[in-house]
Amino acid sequence: MTIHERADDAAVRLAAVRAAMAKAAALARRPAEAVTLIAVSKTHGAEAIRPLIDAGQRVFGENRVQEAEAKWPALREENADLALHLIGQLQSNKADAAVALFDAIHSVDRNSLVAALARAMDKQGRRPDCFVQVNIGAEDQKGGCALGDLPALLVEARAVDLPVRGLMCVPPADVEPAPYFALLAKIARDNGLSALSMGMSGDYETAIMIGATHVRVGTALFGGRG
Ligand SMILES: *Cc1c(COP(=O)(O)O)cnc(C)c1O
């Protein structure tokens, strides 16, 4: 594939995803601007990311702090107005690095991490938006806080002034995601939170119809991760 084909490809994929997002929003009588597209660029290098930036995409997601630290400082030097979201599990000892690099953190899921992030934010005077990740399908292998632990975690987060904007989830694979999205939306409402990070390549339209404010889309924009 030539570099030009690659650029055309990225622009076409981005336009298709944006059109599908707008259609889903319209069906739900929501304004298209109510939903932020996070382009999940994990495992993809700068040469795959640049065509999307050139096509107008500004918000990107990464799941590992170290990988993001290696890729994004250079890309940000070329484009000052990019926003970077952390969507993967975060170890407390990487809280400082995460607060320094990211504009939003979607994987807050336990008290020790709340404390580490609050310390890092106080130290750096920088407060990225936070989402509490909920283990919505109660799956042993998945990250996220258990449903029953959420109220206490939110109390803890508010006590240390963590800017919690909303909730995030990854529903169980291979089953209909809509009931899980609806449950996350209800829990967010019950807790006075307005942002909902839910929906990936296979189900972002469903998520938007159920109220997603942030969709995290990788494969549909970049192709497979090999
Ligand atoms: C990789 C990843 C995505 C994007 O998944 P695709 O199916 O490639 O769109 C979204 N959210 C999280 C948490 C991820 O790890």
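**Exercise 1.** Determine how the lining residues of the largest pocket divide into nonpolar, polar and charged.

Solution. The model is predicted: local features need pLDDT of at least 70, side-chain atom pairs count only at pLDDT 80 or more, and totals for chains, interfaces and linings use all residues. Residues are numbered from 1 along each chain as its sequence is written, and side-chain values use heavy atoms, without hydrogens or water.

Step 1. A pocket is an open set of points on a 1 Å grid over the protein atoms alone where a 1.4 Å probe fits, with protein on both sides within 12 Å along at least five of seven lines; lining residues have an atom within 4 Å of a point.

Step 2. The largest pocket has a volume of about 320 Å³, the volume being the space filled by probe spheres set on the points. Its lining comprises 18 residues, with Lys42, Ile87, Val170, Met200 and Arg216 the closest to the centre.

Step 3. The lining divides into five nonpolar, nine polar and four charged residues; Asp, Glu, Lys and Arg count as charged, and Gly counts among the polar.

**Exercise 2.** Which residues does Leu117 contact beyond four places in sequence?

Solution. With contact meaning heavy atoms within 4.5 Å, the partners of Leu117 are Leu90, Ala95, Val99, Ile105, Val108 and Leu162.

**Exercise 3.** How many disulfides does a search of the whole structure find?

Solution. Step 1. A disulfide requires two cysteine sulfur atoms within 2.5 Å; the search finds zero.

Step 1. Cys145 is in no disulfide, as the nearest cysteine sulfur, that of Cys169, is 12 Å away.
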